[in-house]
Amino acid sequence: MVIDTRVCVGCSACVYACKQENNVPEGYCRDWVVQESGGEYPKLTMENRSERCQHCENAPCVTYCPTRASHYAEDGTVQINRSLCTGCKACMAACPYDARYVHPEGYVDKCSLCKHRIEQGLETACVSICPTGSLNLVDFNNMDEKTKELLKGKIVYRQKEHAGTEPSLQWISASNKPGA
Amino acid sequence: MLATAVNEIVSTKINPNVVPHLHIWEWHIPLYLFLGGLAGGLLVITSIMIVLKRKFGIGPRDQGDGCPCLAVRIGSVLSPTLLGIGMLFLFLDLAHPLYVWAFYTTIQPTSPMSAGSWILIAFFPLAILQAMLVNKRQLRGFNIEPINKVIDWTENHMTIVALVNAHIGVGIGIYTGILLSFFSARPLWSSSILGMLFLVSGISSAAALMLLLAPEDEKPVYSMIDANAIWIELMTVGLFVLGGLTGSANTHGAMMHLITGDINLAGMSYMFWFWGIFIASGLVVPLLLEFLEAAGVHIRFPNVAPVMVLFGGLILRFLIVFAGQTYHTFM
(Lines give C-alpha, C1' and ligand atoms only; values in the text may rest on other atoms or scores of the structure.)
Protein backbone atom coordinates (compact mmCIF):
# COMPACT_ATOMS: atom_id res chain seq x y z
CA MET A 1 0.00 0.00 0.00
CA VAL A 2 1.18 3.53 -0.78
CA ILE A 3 -0.27 6.22 1.45
CA ASP A 4 -0.06 9.71 0.05
CA THR A 5 -0.02 11.91 3.15
CA ARG A 6 -0.01 15.06 0.99
CA VAL A 7 -3.69 14.66 0.31
CA CYS A 8 -4.87 12.94 3.51
CA VAL A 9 -7.26 15.23 5.39
CA GLY A 10 -7.61 12.93 8.41
CA CYS A 11 -11.34 12.36 7.90
CA SER A 12 -11.20 8.83 9.37
CA ALA A 13 -13.49 7.42 6.67
CA CYS A 14 -10.97 4.57 6.30
CA VAL A 15 -11.38 3.71 9.98
CA TYR A 16 -15.17 3.56 9.82
CA ALA A 17 -15.23 1.70 6.50
CA CYS A 18 -12.91 -0.92 7.99
CA LYS A 19 -14.95 -1.21 11.16
CA GLN A 20 -18.11 -1.87 9.18
CA GLU A 21 -16.57 -4.15 6.55
CA ASN A 22 -14.73 -6.32 9.08
CA ASN A 23 -17.20 -6.17 11.99
CA VAL A 24 -14.56 -4.65 14.24
CA PRO A 25 -16.09 -4.57 17.72
CA GLU A 26 -16.73 -1.32 19.54
CA GLY A 27 -13.66 0.00 21.34
CA TYR A 28 -11.19 -1.59 18.90
CA CYS A 29 -9.73 -0.64 15.53
CA ARG A 30 -7.76 -2.29 12.74
CA ASP A 31 -6.69 1.04 11.26
CA TRP A 32 -6.43 4.52 12.70
CA VAL A 33 -5.50 8.07 11.74
CA VAL A 34 -2.49 9.96 13.06
CA GLN A 35 -1.96 13.68 12.83
CA GLU A 36 1.62 14.74 13.41
CA SER A 37 2.47 18.41 13.71
CA GLY A 38 5.92 19.81 14.26
CA GLY A 39 8.31 22.68 13.72
CA GLU A 40 8.55 26.14 15.13
CA TYR A 41 6.00 28.89 14.68
CA PRO A 42 5.44 30.22 12.08
CA LYS A 43 7.15 27.40 10.18
CA LEU A 44 4.87 24.57 11.24
CA THR A 45 4.23 21.37 9.34
CA MET A 46 1.47 18.84 9.63
CA GLU A 47 1.06 15.34 8.28
CA ASN A 48 -2.12 13.27 8.38
CA ARG A 49 -1.81 9.60 7.75
CA SER A 50 -3.87 6.45 7.95
CA GLU A 51 -2.01 3.62 9.75
CA ARG A 52 -2.54 -0.14 10.04
CA CYS A 53 -0.67 -3.46 10.11
CA GLN A 54 2.44 -3.07 7.96
CA HIS A 55 2.31 -6.64 6.58
CA CYS A 56 6.05 -6.90 7.19
CA GLU A 57 8.18 -9.22 5.11
CA ASN A 58 10.14 -10.12 8.24
CA ALA A 59 7.24 -9.96 10.65
CA PRO A 60 8.10 -10.45 14.35
CA CYS A 61 4.50 -11.49 15.03
CA VAL A 62 4.97 -14.50 12.74
CA THR A 63 8.42 -15.24 14.20
CA TYR A 64 7.13 -15.23 17.78
CA CYS A 65 3.80 -16.99 17.23
CA PRO A 66 4.04 -20.34 19.05
CA THR A 67 1.25 -22.04 17.11
CA ARG A 68 1.66 -20.85 13.48
CA ALA A 69 -1.62 -18.93 13.82
CA SER A 70 0.14 -15.80 12.56
CA HIS A 71 1.51 -16.67 9.14
CA TYR A 72 2.43 -15.31 5.73
CA ALA A 73 -0.28 -15.83 3.15
CA GLU A 74 0.63 -16.71 -0.44
CA ASP A 75 0.15 -13.10 -1.50
CA GLY A 76 2.77 -12.00 1.05
CA THR A 77 0.34 -10.47 3.54
CA VAL A 78 0.41 -11.44 7.21
CA GLN A 79 -2.75 -13.27 8.25
CA ILE A 80 -4.10 -14.91 11.40
CA ASN A 81 -5.59 -18.40 11.51
CA ARG A 82 -8.23 -17.95 14.20
CA SER A 83 -8.63 -21.67 14.82
CA LEU A 84 -4.96 -21.91 15.90
CA CYS A 85 -4.78 -18.67 17.92
CA THR A 86 -4.66 -19.29 21.68
CA GLY A 87 -4.62 -15.57 22.46
CA CYS A 88 -1.24 -15.77 24.22
CA LYS A 89 -0.51 -12.23 22.96
CA ALA A 90 3.18 -12.86 22.11
CA CYS A 91 2.52 -11.32 18.68
CA MET A 92 1.13 -8.17 20.30
CA ALA A 93 4.24 -7.78 22.46
CA ALA A 94 6.40 -8.40 19.39
CA CYS A 95 4.78 -5.87 17.04
CA PRO A 96 6.72 -2.58 16.89
CA TYR A 97 3.67 -0.92 15.34
CA ASP A 98 1.08 -1.95 17.96
CA ALA A 99 -1.19 -3.06 15.14
CA ARG A 100 -2.93 -5.91 16.98
CA TYR A 101 -5.62 -6.33 19.62
CA VAL A 102 -7.41 -9.20 21.34
CA HIS A 103 -10.85 -9.68 19.85
CA PRO A 104 -13.50 -10.20 22.56
CA GLU A 105 -14.26 -13.57 20.92
CA GLY A 106 -10.85 -14.82 22.01
CA TYR A 107 -8.32 -14.43 19.23
CA VAL A 108 -5.85 -11.77 18.17
CA ASP A 109 -7.05 -9.60 15.32
CA LYS A 110 -5.60 -6.96 13.01
CA CYS A 111 -5.79 -5.59 9.47
CA SER A 112 -6.05 -8.45 6.98
CA LEU A 113 -5.66 -6.05 4.04
CA CYS A 114 -9.27 -7.09 3.31
CA LYS A 115 -8.04 -10.42 1.95
CA HIS A 116 -11.63 -11.50 1.32
CA ARG A 117 -12.23 -8.45 -0.90
CA ILE A 118 -8.94 -8.64 -2.77
CA GLU A 119 -9.69 -12.28 -3.64
CA GLN A 120 -12.88 -11.04 -5.27
CA GLY A 121 -10.96 -8.49 -7.29
CA LEU A 122 -12.10 -5.61 -5.09
CA GLU A 123 -10.00 -3.02 -3.29
CA THR A 124 -9.74 -2.91 0.49
CA ALA A 125 -12.58 -1.14 2.31
CA CYS A 126 -10.30 1.73 3.37
CA VAL A 127 -8.93 2.27 -0.15
CA SER A 128 -12.39 2.16 -1.71
CA ILE A 129 -13.79 4.79 0.66
CA CYS A 130 -10.85 7.23 0.78
CA PRO A 131 -12.30 10.51 -0.58
CA THR A 132 -8.96 12.11 -1.51
CA GLY A 133 -7.18 9.13 -3.06
CA SER A 134 -4.61 9.10 -0.30
CA LEU A 135 -4.77 5.33 0.03
CA ASN A 136 -3.48 3.28 -2.90
CA LEU A 137 -3.38 -0.49 -3.08
CA VAL A 138 -0.14 -1.43 -4.80
CA ASP A 139 1.54 -4.68 -5.73
CA PHE A 140 5.19 -3.73 -5.25
CA ASN A 141 6.36 -6.72 -7.28
CA ASN A 142 4.25 -5.57 -10.20
CA MET A 143 4.01 -1.81 -10.04
CA ASP A 144 1.77 -0.13 -12.62
CA GLU A 145 2.59 3.12 -14.42
CA LYS A 146 0.19 5.14 -12.26
CA THR A 147 2.00 4.12 -9.07
CA LYS A 148 5.42 4.73 -10.59
CA GLU A 149 4.27 8.22 -11.53
CA LEU A 150 2.86 8.76 -8.02
CA LEU A 151 6.14 7.84 -6.35
CA LYS A 152 8.44 9.52 -8.87
CA GLY A 153 10.78 12.09 -7.34
CA LYS A 154 8.97 12.11 -3.99
CA ILE A 155 10.32 11.65 -0.49
CA VAL A 156 8.91 8.24 0.40
CA TYR A 157 9.48 6.57 3.74
CA ARG A 158 8.65 3.41 5.62
CA GLN A 159 7.96 3.44 9.37
CA LYS A 160 10.54 2.21 11.89
CA GLU A 161 12.63 0.65 9.15
CA HIS A 162 15.48 0.23 11.64
CA ALA A 163 13.36 -2.34 13.47
CA GLY A 164 14.36 -4.66 10.63
CA THR A 165 10.84 -5.85 9.94
CA GLU A 166 10.76 -4.90 6.22
CA PRO A 167 7.35 -3.19 6.41
CA SER A 168 5.28 -3.29 3.20
CA LEU A 169 3.54 0.07 3.65
CA GLN A 170 5.08 3.16 2.10
CA TRP A 171 4.26 6.76 2.89
CA ILE A 172 4.65 9.71 0.55
CA SER A 173 5.81 12.33 3.02
CA ALA A 174 3.78 15.50 3.55
CA SER A 175 7.06 17.37 3.11
CA ASN A 176 6.54 16.86 -0.65
CA LYS A 177 3.76 19.44 -0.51
CA PRO A 178 4.58 22.71 -2.23
CA GLY A 179 5.73 25.26 0.35
CA ALA A 180 6.35 22.64 3.04
CA MET B 1 16.44 26.83 18.03
CA LEU B 2 15.51 23.17 18.30
CA ALA B 3 14.60 23.63 21.94
CA THR B 4 11.48 25.62 21.14
CA ALA B 5 10.38 23.40 18.26
CA VAL B 6 7.38 21.21 18.93
CA ASN B 7 6.32 17.80 17.72
CA GLU B 8 2.82 16.74 18.55
CA ILE B 9 1.15 13.49 17.60
CA VAL B 10 -2.62 13.07 17.76
CA SER B 11 -3.95 9.60 17.05
CA THR B 12 -7.40 8.11 16.74
CA LYS B 13 -5.92 4.74 17.64
CA ILE B 14 -7.49 3.26 20.72
CA ASN B 15 -4.58 2.49 23.03
CA PRO B 16 -4.07 0.92 26.47
CA ASN B 17 -3.53 4.29 28.13
CA VAL B 18 -7.10 5.17 27.22
CA VAL B 19 -8.69 1.72 27.25
CA PRO B 20 -7.10 -0.53 29.89
CA HIS B 21 -8.39 -3.75 28.32
CA LEU B 22 -5.91 -3.25 25.49
CA HIS B 23 -2.97 -4.02 27.78
CA ILE B 24 -1.08 -7.04 26.55
CA TRP B 25 -0.39 -8.84 29.81
CA GLU B 26 -1.98 -8.11 33.14
CA TRP B 27 -1.54 -9.64 36.62
CA HIS B 28 -1.57 -13.29 35.50
CA ILE B 29 1.77 -13.14 33.73
CA PRO B 30 3.86 -11.48 36.48
CA LEU B 31 2.37 -13.94 38.96
CA TYR B 32 3.22 -16.84 36.66
CA LEU B 33 6.76 -15.52 36.14
CA PHE B 34 7.19 -15.25 39.90
CA LEU B 35 5.90 -18.77 40.58
CA GLY B 36 7.94 -20.14 37.66
CA GLY B 37 11.09 -18.48 39.02
CA LEU B 38 10.31 -19.81 42.49
CA ALA B 39 9.76 -23.34 41.12
CA GLY B 40 13.02 -23.17 39.15
CA GLY B 41 14.90 -21.83 42.18
CA LEU B 42 13.47 -24.53 44.47
CA LEU B 43 14.49 -27.22 42.01
CA VAL B 44 18.01 -25.81 41.71
CA ILE B 45 18.53 -25.52 45.48
CA THR B 46 16.99 -28.88 46.43
CA SER B 47 18.88 -30.71 43.66
CA ILE B 48 22.19 -29.16 44.62
CA MET B 49 21.56 -29.97 48.29
CA ILE B 50 20.92 -33.60 47.35
CA VAL B 51 24.08 -33.82 45.23
CA LEU B 52 26.23 -32.05 47.85
CA LYS B 53 25.04 -34.38 50.59
CA ARG B 54 25.41 -37.56 48.57
CA LYS B 55 28.67 -36.78 46.82
CA PHE B 56 30.48 -34.58 49.32
CA GLY B 57 28.68 -35.10 52.64
CA ILE B 58 27.90 -31.38 52.91
CA GLY B 59 24.59 -30.11 54.29
CA PRO B 60 22.01 -30.86 56.98
CA ARG B 61 21.57 -34.38 58.30
CA ASP B 62 19.57 -36.91 56.27
CA GLN B 63 16.36 -38.23 57.76
CA GLY B 64 17.13 -41.91 57.36
CA ASP B 65 16.29 -44.42 54.62
CA GLY B 66 18.03 -42.17 52.11
CA CYS B 67 15.54 -39.33 52.62
CA PRO B 68 17.18 -35.88 52.71
CA CYS B 69 16.51 -33.20 55.30
CA LEU B 70 13.02 -31.80 55.80
CA ALA B 71 13.46 -28.54 53.86
CA VAL B 72 14.74 -30.41 50.77
CA ARG B 73 11.77 -32.76 50.99
CA ILE B 74 9.25 -29.93 51.24
CA GLY B 75 11.05 -27.85 48.59
CA SER B 76 11.07 -30.75 46.12
CA VAL B 77 7.30 -31.12 46.45
CA LEU B 78 6.64 -27.38 46.31
CA SER B 79 8.65 -26.90 43.10
CA PRO B 80 6.35 -28.76 40.67
CA THR B 81 3.30 -27.70 42.70
CA LEU B 82 4.07 -24.00 42.38
CA LEU B 83 4.90 -24.35 38.68
CA GLY B 84 1.56 -26.09 38.20
CA ILE B 85 -0.23 -23.19 39.90
CA GLY B 86 1.78 -20.74 37.80
CA MET B 87 0.77 -22.55 34.63
CA LEU B 88 -2.84 -22.24 35.70
CA PHE B 89 -2.44 -18.45 35.66
CA LEU B 90 -0.74 -18.69 32.28
CA PHE B 91 -3.68 -20.72 31.04
CA LEU B 92 -6.16 -18.17 32.43
CA ASP B 93 -4.32 -15.39 30.61
CA LEU B 94 -4.98 -16.97 27.21
CA ALA B 95 -7.74 -15.19 25.31
CA HIS B 96 -8.91 -18.61 24.12
CA PRO B 97 -7.85 -21.13 26.80
CA LEU B 98 -9.58 -24.06 25.09
CA TYR B 99 -7.12 -23.78 22.19
CA VAL B 100 -4.18 -24.45 24.53
CA TRP B 101 -3.58 -27.72 22.64
CA ALA B 102 -2.37 -25.68 19.68
CA PHE B 103 0.92 -25.06 21.57
CA TYR B 104 1.65 -28.78 21.39
CA THR B 105 0.97 -29.33 17.70
CA THR B 106 4.22 -27.69 16.62
CA ILE B 107 7.70 -26.64 17.72
CA GLN B 108 8.52 -23.10 16.63
CA PRO B 109 12.22 -22.62 17.35
CA THR B 110 12.06 -18.84 16.90
CA SER B 111 9.18 -18.39 19.29
CA PRO B 112 10.14 -18.11 22.98
CA MET B 113 6.50 -18.81 23.84
CA SER B 114 6.68 -22.13 21.95
CA ALA B 115 10.00 -23.09 23.55
CA GLY B 116 8.55 -22.20 26.94
CA SER B 117 5.43 -24.29 26.50
CA TRP B 118 7.62 -27.34 25.79
CA ILE B 119 10.12 -26.59 28.60
CA LEU B 120 7.21 -26.38 31.03
CA ILE B 121 6.05 -29.85 30.04
CA ALA B 122 9.62 -31.24 30.13
CA PHE B 123 10.01 -29.90 33.68
CA PHE B 124 7.43 -32.08 35.35
CA PRO B 125 8.49 -35.75 34.96
CA LEU B 126 11.88 -35.45 36.67
CA ALA B 127 10.76 -32.79 39.17
CA ILE B 128 7.91 -35.05 40.29
CA LEU B 129 10.24 -38.06 40.35
CA GLN B 130 12.60 -36.15 42.64
CA ALA B 131 9.68 -35.13 44.88
CA MET B 132 8.73 -38.83 45.09
CA LEU B 133 12.25 -40.11 45.76
CA VAL B 134 13.00 -37.68 48.58
CA ASN B 135 9.70 -38.63 50.23
CA LYS B 136 9.89 -42.34 49.44
CA ARG B 137 9.56 -43.43 53.07
CA GLN B 138 6.18 -41.66 53.38
CA LEU B 139 5.06 -42.82 49.93
CA ARG B 140 5.87 -46.43 50.64
CA GLY B 141 3.57 -46.09 53.65
CA PHE B 142 0.62 -45.70 51.27
CA ASN B 143 1.64 -48.95 49.57
CA ILE B 144 0.44 -48.04 46.07
CA GLU B 145 1.84 -50.61 43.65
CA PRO B 146 2.80 -48.39 40.64
CA ILE B 147 4.41 -45.77 42.90
CA ASN B 148 6.38 -48.45 44.76
CA LYS B 149 7.62 -49.76 41.42
CA VAL B 150 8.76 -46.34 40.19
CA ILE B 151 10.63 -45.81 43.45
CA ASP B 152 12.22 -49.29 43.26
CA TRP B 153 13.46 -48.64 39.73
CA THR B 154 14.89 -45.21 40.36
CA GLU B 155 15.88 -44.89 44.02
CA ASN B 156 19.53 -45.75 43.38
CA HIS B 157 19.79 -42.96 40.81
CA MET B 158 18.61 -40.02 42.93
CA THR B 159 21.92 -38.17 42.47
CA ILE B 160 21.64 -38.33 38.69
CA VAL B 161 18.01 -37.21 38.79
CA ALA B 162 19.03 -34.29 41.01
CA LEU B 163 21.96 -33.41 38.78
CA VAL B 164 19.71 -33.21 35.69
CA ASN B 165 17.07 -31.32 37.68
CA ALA B 166 19.59 -28.68 38.73
CA HIS B 167 20.02 -27.86 35.04
CA ILE B 168 16.31 -27.97 34.26
CA GLY B 169 15.75 -25.61 37.21
CA VAL B 170 18.29 -23.15 35.81
CA GLY B 171 16.58 -23.46 32.42
CA ILE B 172 13.16 -22.62 33.85
CA GLY B 173 14.57 -19.73 35.86
CA ILE B 174 16.30 -18.19 32.85
CA TYR B 175 13.36 -18.86 30.58
CA THR B 176 11.03 -16.70 32.70
CA GLY B 177 13.25 -13.72 31.86
CA ILE B 178 14.08 -14.71 28.28
CA LEU B 179 10.37 -14.87 27.51
CA LEU B 180 10.31 -11.08 27.84
CA SER B 181 13.79 -10.22 26.64
CA PHE B 182 13.21 -11.54 23.11
CA PHE B 183 10.67 -8.79 22.42
CA SER B 184 12.80 -6.13 20.80
CA ALA B 185 9.64 -4.05 20.28
CA ARG B 186 9.52 -3.39 24.07
CA PRO B 187 12.71 -1.49 24.93
CA LEU B 188 12.64 -2.21 28.68
CA TRP B 189 12.44 -5.97 28.17
CA SER B 190 14.95 -6.09 25.36
CA SER B 191 17.91 -6.88 27.63
CA SER B 192 19.63 -10.23 27.62
CA ILE B 193 20.54 -9.88 31.30
CA LEU B 194 16.84 -10.13 32.20
CA GLY B 195 17.14 -13.94 32.05
CA MET B 196 19.95 -13.90 34.61
CA LEU B 197 18.12 -11.37 36.79
CA PHE B 198 14.98 -13.52 36.93
CA LEU B 199 17.06 -16.65 37.56
CA VAL B 200 18.91 -15.16 40.56
CA SER B 201 15.74 -13.57 41.82
CA GLY B 202 14.04 -16.99 41.59
CA ILE B 203 16.90 -18.59 43.53
CA SER B 204 16.89 -15.91 46.24
CA SER B 205 13.08 -16.17 46.55
CA ALA B 206 13.31 -19.98 46.71
CA ALA B 207 16.03 -19.80 49.37
CA ALA B 208 13.82 -17.39 51.34
CA LEU B 209 10.88 -19.77 51.09
CA MET B 210 13.01 -22.71 52.26
CA LEU B 211 14.33 -20.55 55.09
CA LEU B 212 10.74 -19.98 56.21
CA LEU B 213 9.87 -23.68 56.02
CA ALA B 214 13.09 -25.24 57.34
CA PRO B 215 13.34 -26.45 60.94
CA GLU B 216 15.61 -24.42 63.24
CA ASP B 217 18.75 -26.59 62.77
CA GLU B 218 18.56 -26.42 58.96
CA LYS B 219 17.97 -22.65 58.72
CA PRO B 220 21.61 -21.40 58.64
CA VAL B 221 22.37 -23.09 55.30
CA TYR B 222 19.36 -21.49 53.57
CA SER B 223 20.10 -18.14 55.14
CA MET B 224 23.59 -18.37 53.64
CA ILE B 225 22.26 -19.35 50.19
CA ASP B 226 19.73 -16.52 50.36
CA ALA B 227 22.30 -13.90 51.36
CA ASN B 228 24.61 -14.94 48.52
CA ALA B 229 21.80 -14.98 45.97
CA ILE B 230 20.63 -11.52 47.11
CA TRP B 231 24.15 -10.20 46.75
CA ILE B 232 24.42 -11.54 43.18
CA GLU B 233 20.92 -10.25 42.45
CA LEU B 234 21.91 -6.74 43.56
CA MET B 235 24.86 -6.87 41.15
CA THR B 236 22.67 -8.20 38.33
CA VAL B 237 19.93 -5.62 38.79
CA GLY B 238 22.67 -2.97 38.86
CA LEU B 239 23.94 -4.20 35.50
CA PHE B 240 20.38 -4.31 34.14
CA VAL B 241 19.79 -0.69 35.17
CA LEU B 242 23.19 0.50 33.92
CA GLY B 243 22.73 -1.36 30.64
CA GLY B 244 19.43 0.45 30.14
CA LEU B 245 20.72 3.86 31.15
CA THR B 246 23.77 3.70 28.90
CA GLY B 247 21.75 2.34 25.95
CA SER B 248 20.14 4.16 23.05
CA ALA B 249 17.54 6.87 23.66
CA ASN B 250 14.95 4.09 23.47
CA THR B 251 16.36 1.83 26.17
CA HIS B 252 17.47 4.80 28.26
CA GLY B 253 13.95 6.21 28.20
CA ALA B 254 12.45 2.84 29.06
CA MET B 255 14.80 2.39 32.02
CA MET B 256 14.10 5.91 33.29
CA HIS B 257 10.40 5.11 32.94
CA LEU B 258 10.96 2.23 35.38
CA ILE B 259 13.38 3.71 37.90
CA THR B 260 12.09 7.28 38.00
CA GLY B 261 8.62 6.66 36.57
CA ASP B 262 5.61 8.39 38.09
CA ILE B 263 3.04 5.94 36.71
CA ASN B 264 0.84 4.71 39.49
CA LEU B 265 0.82 1.02 40.39
CA ALA B 266 -1.57 0.19 43.25
CA GLY B 267 -1.29 3.65 44.78
CA MET B 268 2.48 4.15 44.43
CA SER B 269 4.74 5.32 41.62
CA TYR B 270 7.03 2.90 39.74
CA MET B 271 9.99 4.78 41.22
CA PHE B 272 8.87 4.14 44.77
CA TRP B 273 8.07 0.48 44.09
CA PHE B 274 11.43 -0.05 42.43
CA TRP B 275 13.75 1.68 44.90
CA GLY B 276 11.67 1.49 48.07
CA ILE B 277 10.02 -1.91 47.86
CA PHE B 278 12.16 -3.99 45.49
CA ILE B 279 15.71 -2.69 46.07
CA ALA B 280 15.53 -1.45 49.68
CA SER B 281 13.01 -3.69 51.41
CA GLY B 282 13.30 -6.67 49.04
CA LEU B 283 17.10 -6.88 48.80
CA VAL B 284 19.19 -4.49 50.92
CA VAL B 285 17.35 -4.72 54.24
CA PRO B 286 16.96 -8.55 54.19
CA LEU B 287 20.63 -8.88 53.22
CA LEU B 288 21.58 -6.75 56.25
CA LEU B 289 19.25 -8.69 58.54
CA GLU B 290 20.62 -12.03 57.41
CA PHE B 291 24.18 -10.76 57.72
CA LEU B 292 23.52 -9.56 61.27
CA GLU B 293 21.87 -12.84 62.18
CA ALA B 294 24.83 -14.81 60.82
CA ALA B 295 27.14 -12.54 62.83
CA GLY B 296 25.32 -13.61 65.99
CA VAL B 297 23.04 -10.60 66.53
CA HIS B 298 19.65 -11.63 67.89
CA ILE B 299 16.85 -10.75 65.41
CA ARG B 300 13.52 -10.67 67.14
CA PHE B 301 11.46 -11.64 64.07
CA PRO B 302 13.71 -13.84 61.92
CA ASN B 303 10.90 -14.55 59.44
CA VAL B 304 10.66 -10.91 58.37
CA ALA B 305 13.73 -11.02 56.10
CA PRO B 306 12.60 -14.00 53.94
CA VAL B 307 9.06 -12.59 53.64
CA MET B 308 10.53 -9.31 52.40
CA VAL B 309 12.65 -11.16 49.83
CA LEU B 310 9.62 -13.06 48.53
CA PHE B 311 7.55 -9.89 48.29
CA GLY B 312 10.42 -8.11 46.54
CA GLY B 313 10.67 -10.94 43.99
CA LEU B 314 6.96 -10.71 43.27
CA ILE B 315 7.14 -6.93 42.88
CA LEU B 316 10.10 -7.23 40.48
CA ARG B 317 7.98 -9.32 38.06
CA PHE B 318 5.03 -6.91 38.28
CA LEU B 319 7.25 -3.88 37.74
CA ILE B 320 9.10 -5.29 34.74
CA VAL B 321 5.97 -6.65 33.03
CA PHE B 322 3.92 -3.49 33.58
CA ALA B 323 6.63 -0.86 33.02
CA GLY B 324 7.65 -2.64 29.81
CA GLN B 325 4.14 -2.16 28.47
CA THR B 326 3.40 1.36 29.69
CA TYR B 327 6.50 2.76 27.98
CA HIS B 328 5.97 3.44 24.28
CA THR B 329 6.82 0.83 21.71
CA PHE B 330 10.19 0.68 19.93
CA MET B 331 10.84 3.97 18.10
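Here is a friendly conversation about a predicted model with chains A and B.

Colleague: Before we start, what should I know about the numbering and the limits of this model?
Modeller: Residues are numbered from 1 along each chain as its sequence is written, while chains are lettered from A and ligands numbered from 1 in the order in which they are written. This is a predicted model, where local features need pLDDT of at least 70, side-chain atom pairs count only at pLDDT 80 or more, and totals for chains, interfaces and linings use all residues.

Colleague: Thanks! How many residues does the contact take from chain A?
Modeller: Two residues are in contact if their C-beta atoms, placed from the backbone, lie within 7 Å. The contact takes 37 residues from chain B. From chain A, the number is 40 residues.

Colleague: Which element gives the most to the side of chain B that touches chain A?
Modeller: Helices (H or I, at least four residues) and strands (E, at least two) are DSSP runs, numbered from the N terminus. On the side of chain B that touches chain A, β1 (6-11) and α3 (112-134) of chain B each supply at least two residues. The one that gives the most, with six residues, is β1(B).

Colleague: In which sense do β1(B) and strand β2 of chain A pair?
Modeller: Two strands pair if DSSP finds at least two bridges between them. Strand β2 (residues 31-40) of chain A and β1(B) have six bridges, and A:Gly39 has B:Val6 as its bridge partner there. The sense of the pairing is antiparallel.

Colleague: Where else does β2(A) pair, and how many bridges join it to β3 of chain A?
Modeller: A hairpin joins β2(A) to β3(A) through two residues. The strands run antiparallel, with β3 covering residues 43-52 of chain A, and A:Ser37 has A:Met46 as its bridge partner in β3(A). The number of bridges joining β2(A) to β3(A) is 10.

Colleague: Which strands are at the edges of the open sheet in chain A?
Modeller: That sheet has four strands with mixed pairing, in the order β8-β1-β10-β9. β9(A) pairs with β10 (residues 170-172) of chain A in the antiparallel sense over two bridges, and A:Val156 stands opposite A:Ile172 in β10(A). Each edge strand pairs on one side only, and the two are β8 (135-136) and β9 (156-157) of chain A.

Colleague: Is B:Ser191 buried or exposed?
Modeller: B:Ser191 lies in the loop between α6 (158-181) and α7 (194-213) of chain B. A residue is buried if 20 or more other C-beta atoms lie within 10 Å of its own, exposed if 12 or fewer, and partly exposed in between, with C-beta atoms placed from the backbone. Because B:Ser191 has 23 C-beta neighbours inside 10 Å, it counts as buried.

Colleague: How far apart are the C-alpha atoms of B:Ser191 and B:His328?
Modeller: The two residues are 137 residues apart along the chain. Their C-alpha atoms are separated by 16 Å.
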